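I opened my notebook to look around a new protein. Here is what I looked up, step by step.

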Amino acid sequence: MGLHELIDYLVRLKLANNAKALCILEMAANGESPRRIYEACDATRYEFKHYLSKAREKMGDGFKTFIIIKHVLPLLDNIQPIIINNRCIICNTSIYYADALNHLHYKHRDIVEKHINKIIEKLVKRIARN
Ligand SMILES: [Zn+2]
């Protein structure tokens with residue numbers, strides 16, 4: 001649990017091209033109401049609850065989760081997804097949607113870690129500037 005795990009989760013959502021999850025988390029972090037989020041992200045109540053509770057579980061602190069999400073999401077913009085149309089473009093494996101995060105965790109740990117480290121570096125630099 002903690003910062004590293006939450007960033008890891010966000011990075012893998014981006015690498016897996018899960019725009020819906022990132023939409024839900026971004027809007028929730030900005031204090032939008034669930035109803036607006038369902039509409040804007042084309043999400044069900046189940047999806048909304050699922051991604052929110054996953055993110056909180058990673059961080060272990062509901063309040064900090066939203067602060068971290070706000071700071072980290074803009075830094076994901078530079079990351080290109082590697083799972084596109086249910087296929088991993090690195091190892092050319094066909095991947096069922098629900099297995100994408102596990103695939104990234106177990107097969108492409110190096111890529112995920114590289115992105116996590118870059119993001120932590122950027123966050124530290126920002127804090128140092130303030
Ligand atoms: Zn792969």
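Is H1 mostly covered or mostly uncovered, and how many of its 13 residues are buried? I looked this up with the model in view, keeping in mind that the model is predicted. H1 turned out to be mostly covered, with ten of its 13 residues buried.

**Entry on H1.** I noted that helix H1 runs over residues 3-15. From its first C-alpha to its last, H1 reaches 18 Å, close to the 18 Å expected at 1.5 Å a residue. I then listed the buried residues of H1: Leu-6, Ile-7, Asp-8, Tyr-9, Leu-10, Val-11, Arg-12, Leu-13, Lys-14 and Leu-15.

**Entry on the neighbours.** What covers these buried residues of H1? I found that the cover includes the helices H2 (19-29), H4 (45-59), H5 (62-72), H6 (100-107) and H7 (109-129), together with strand E1 (83-84). I also checked what comes just after H1, and there Asn-17 takes a positive phi of about 65°.

**Entry on the whole chain.** Stepping back, I counted seven helices and two strands in the protein. Along the sequence they follow the pattern α-α-α-α-α-β-β-α-α. The radius of gyration is 15 Å, close to the 14 Å that the globule rule gives for 130 residues, so the protein is as compact as a globular protein of that length. I pictured a box of roughly 40 × 40 × 25 Å, taken along the principal axes, filled by the C-alpha atoms.

**Entry on packing.** I looked up burial for the protein and got 32% of the 130 residues. Of the contacts between residues at least 6 apart in sequence, 60% join residues at least 24 apart.

Conventions. Residues are numbered from 1 along each chain as its sequence is written. This is a predicted model: local features need pLDDT of at least 70, side-chain atom pairs count only at pLDDT 80 or more; totals for chains, interfaces and linings use all residues. Helices (H or I, at least four residues) and strands (E, at least two) are DSSP runs, numbered from the N terminus. The radius of gyration is taken over C-alpha atoms; the globule rule is 2.2 Å times the number of residues to the power 0.38. A residue is buried if 20 or more other C-beta atoms lie within 10 Å of its own, exposed if 12 or fewer, and partly exposed in between; C-beta atoms are placed from the backbone. Two residues are in contact if their C-beta atoms, placed from the backbone, lie within 7 Å. The expected span of a helix is 1.5 Å times one less than its number of residues.
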